[in-house]
Amino acid sequence: MTVPRLRFAPSPTGFLHVGGARTALFNWLYARRTGGVFVLRIEDTDVERSSWDKVEGILEGLRWLGLDWDEGPEVGGPHGPYFQSQRLDRYRAMAERLVAEGHAYYCYCNADAARVADAALAGGEEEGDAPRGESWTYDRRCLRLSPEDVAVREAAKQPRAIRYNVPEGATTFHDLVHGAITFDNANIEDFVALRSDGHPTYHLSVVVDDIDMAISHVVRGDDHISNTPKQVMLYRAFGAIVPAFAHVPLILGADKRRLSKRHGATSVMEYERQGFVPEAMVNFLALLGWSPGSGNQELFGRDELIGAFSLEGISSSNAVFNPEKLEWFSAQHIASTSAEDLARRIEPLLRSAGVWRDEYAESQRESLRRLIELLRPRAKRITEFVEKGRFFLADAVEFDPDAVQKHLGTPAALALVRAVRECCATVDPFTAAALEPALRDLAAAHGVKPGALIHPTRVAVTGQAASPGIFEVLELLGRERVLARLDACLRGL
């Protein structure tokens, strides 16, 4: 048996989106599960829409997810180059080989007509397919040209494309997800392999690359099933082994329509900016269209996913992207991450928010750890440690006007805050365990429920109507800061 070789081949016309990330993950998991090779290839033949910034964005997204590649950009490998824009001569040579061996022919049809006739893949991106909403089949007029006609046109250097001559019969391939799939060749027109400008179509470039890079498994989205018979023909025309195909289900939004920007963020890095942890994203993406089989396990670490993953576990049904489920995964992985690791991840966010202190890495390291432990039970995203921890991190309290109006808007409330101030000045030790009974006794002495005292106190020391447990908050802030904040609140009001 040969070592499995899988590839992820994004086009840098956009950043790494959720669907592409899931495809990359499935390929990566299978390669790691089988001791295979994961190849990253950049399909950048669309010069007008491709850019290096988009390439960097794709690499950044893969790095954030922890999907390292064995061959490809930045790491090299024996099958390079790994950018299609650097392989154009190879595609042209292979297209000419198809002509020389009788599998393809020169097409001199009018360029304007060819542009309409060969608009690609139901959306105008690839030659060789009918435009969206139209039914058009190339009439093979150039296939009927005599050798003499071809020689005259070649001598005149007339622009021409190279079309594959689709044979009669049917094309069948076995899909590891869907089983045997057969296409009647009568429904497949002679598709363009090389355009008149010398650039390959998707069908030619992907097949040549997969052959040259010895790809054994092609794991990609269901939307590529219709492309596969054309590519199978090319593999066979070149005398190459057809790789194993596994077409994975599409990802849909809650409205059961294909996931897009209208469903919110689809760029992987946008989810990082929103504060999701990569372990949660990987866990979530893995279960979009894949099941580990028996059992109800949902939470997986990276090594557990590698150990459990199989192509046989991929479903043939479309998956639905559920943002609430992603948040649940993020909360679970945050809960299982050490406070020290979370502190390392949070530091860049604290710096960006302007509330980082060098002491948090030194003398106040324990205080930061305690803040993380205090906020962790409710945190779904790491950005919440900054947002909800600002009461501790910032020197000045930022008051929510609505919270002030609701809980500090009466003389009675302020009187309770003064009483709390006196209690906090004397309670000893200044711990949650000592503060809670002291403040509850204080509420009883004033003839009010504990909440009538706790809510104004919370707003006075945090500025907000909601926070972690108030007694733990008071302990974490410490007596000196609590008294200063209570005094400032009373002066201000």
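Contact here means heavy atoms within 4.5 Å. Helices (H or I, at least four residues) and strands (E, at least two) are DSSP runs, numbered from the N terminus. The model is a predicted one, in which local features need pLDDT of at least 70 and side-chain atom pairs count only at pLDDT 80 or more, while totals for chains, interfaces and linings use all residues. Residues are numbered from 1 along each chain as its sequence is written, and side-chain values use heavy atoms, with hydrogens and water left out.

**View 1**
Let us start with helix 20, which spans residues 470-477. Of its 8 residues, 6 are buried, so helix 20 is largely enclosed by the rest of the structure. (Buried means under 20% relative accessible area, exposed over 50%, and partly exposed in between, with a 1.4 Å probe and protein chains only.) The buried residues are I470, F471, V473, L474, L476 and L477. Their cover includes helix 13 (365-375), helix 15 (390-393), helix 18, helix 19 (450-462) and helix 21 (479-492). Just after helix 20 comes G478, with a positive phi of about 90°.

A pair of aromatic rings is described by the distance of the centres and the angle of the planes. Rings of Phe, Tyr and Trp (its six-membered ring) pair if their centres lie within 6.5 Å; planes under 30 degrees apart count as stacked, over 60 as edge-to-face and the rest as tilted. How many aromatic pairs does the structure hold? There are 15. One of them joins F26 and F309: the ring centres are 5.3 Å apart and the planes stand at 45°, so the pair is tilted. This pair links distant parts of the chain, 283 residues apart. F26 belongs to helix 1 (residues 18-34), and F309 to the loop between helix 10 (302-308) and strand 11 (319-320). F26 counts as buried because its relative accessibility is 0%. F309 is buried too, with a relative accessible area of 2%.

**View 1**
F173 lies in strand 5 (residues 170-175) and F245 in strand 9 (residues 244-248), so the pair ties together parts that are 72 residues apart in sequence. Are these two residues buried or exposed? Both F173 and F245 are buried.

**View 2. An aromatic cluster, and lysines over rings.**
Ring pairs link Y271, F276, F284, F321, W328 and F329 into a cluster. Look for K325 beside W328: the charged end of K325 sits over the W328 ring, 4.5 Å from its centre. (A charge sits over a ring if NZ of Lys or CZ of Arg is within 6 Å of the ring centre and within 35 degrees of the ring normal.) K54 likewise lies over the face of F15, at 5.6 Å from the ring centre.

**View 3. The loop around S50.**
S50 is in the loop between strand 2 (37-40) and helix 2 (52-65). With a relative accessibility of 17%, S50 counts as buried.

**View 4. F83 and its contacts.**
F83 sits in the loop between helix 2 and helix 3. Its relative accessibility of 12% makes F83 buried. Not counting residues up to four places away in sequence, F83 touches I42, D44, W52, V55 and P73. F83 and T45 are 38 residues apart in sequence, with 8.5 Å between them in space, C-alpha to C-alpha.

**View 5. Backbone details.**
Most residues other than glycine have a negative phi, and most peptide bonds are trans. A cis peptide bond, with omega about 0°, joins G80 and P81; P81 is in the loop between helix 2 and helix 3 (88-100). Another cis peptide bond joins D428 and P429, again with omega about 0°. P429 is in the loop between helix 17 (411-426) and helix 18 (432-445). K157 has a positive phi near 55° and, at 71% relative accessibility, counts as exposed. The phi of K256 is also positive, near 65°, and K256 is exposed with a relative accessible area of 56%.
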